[in-house]
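Could you walk me through this model in the viewer? I would like to know what to select at each stop and what is there.

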Amino acid sequence: MAEKSKSVLLPVVAAAVFAGLGRMVLQKIKADRKARASNVAGPLDEKTRAWISEVVRTPRQ
């Protein structure tokens with residue numbers, strides 16, 4: 001019987017896919033950490049909360 005030829009394409013494609021997914025996961029983790037560290041929206045006082053509520057509820061004229 002003839003030997004089966006081992007294709008190199010499938011493992012290479014699989015490695016590329018896994019590398020791409022791993023890179024995406026790392027980028028997402030870094031972005032989440034950066035967003036959490038640079039907490040732009042700080043704690044709001046009651047006056048600011050009331051003003052935002054009023055602005056959101058009233059339609060523009």
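This is a predicted model: local features need pLDDT of at least 70, side-chain atom pairs count only at pLDDT 80 or more; totals for chains, interfaces and linings use all residues.

**A tour of the chain**

Colour the chain by burial next, and 0% of its 61 residues count as buried. Switch to cartoon and you will find two helices and zero strands.

**Stop one: a nonpolar patch**

Now select Leu9, Val13, Val17, Phe18, Leu21 and Met24. Together they make a nonpolar patch on the surface, with about 630 Å² of accessible area. Zoom in on one of them, valine 13, which sits in helix α1, the helix covering residues 9–37. Valine 13 counts as partly exposed because its relative accessibility is 41%, which lies between the 20% and 50% cut-offs.

**Stop two: a charged pair**

How many salt bridges does a search of the whole structure find? There is one. To see it, select lysine 28 and aspartate 32, whose closest N and O atoms are 3.2 Å apart. Side chains of opposite charge can pair when their charged atoms come close.

With a relative accessibility of 33%, aspartate 32 is classed as partly exposed.

Key
Residues are numbered from 1 along each chain as its sequence is written. Side-chain values use heavy atoms; hydrogens and water are left out. Helices (H or I, at least four residues) and strands (E, at least two) are DSSP runs, numbered from the N terminus. Buried means under 20% relative accessible area, exposed over 50%, partly exposed in between (1.4 Å probe, protein chains only). Patches are made of residues with over 30% relative accessible area and no salt bridge: like charges are joined within 9 Å, nonpolar side chains (Val, Leu, Ile, Met, Phe, Trp, Tyr) within 5 Å. Accessible areas come from the Shrake-Rupley method with a 1.4 Å probe; for residues, only the protein chains shown count as cover. A salt bridge is a side-chain nitrogen of Lys or Arg within 4 Å of a carboxyl oxygen of Asp or Glu.
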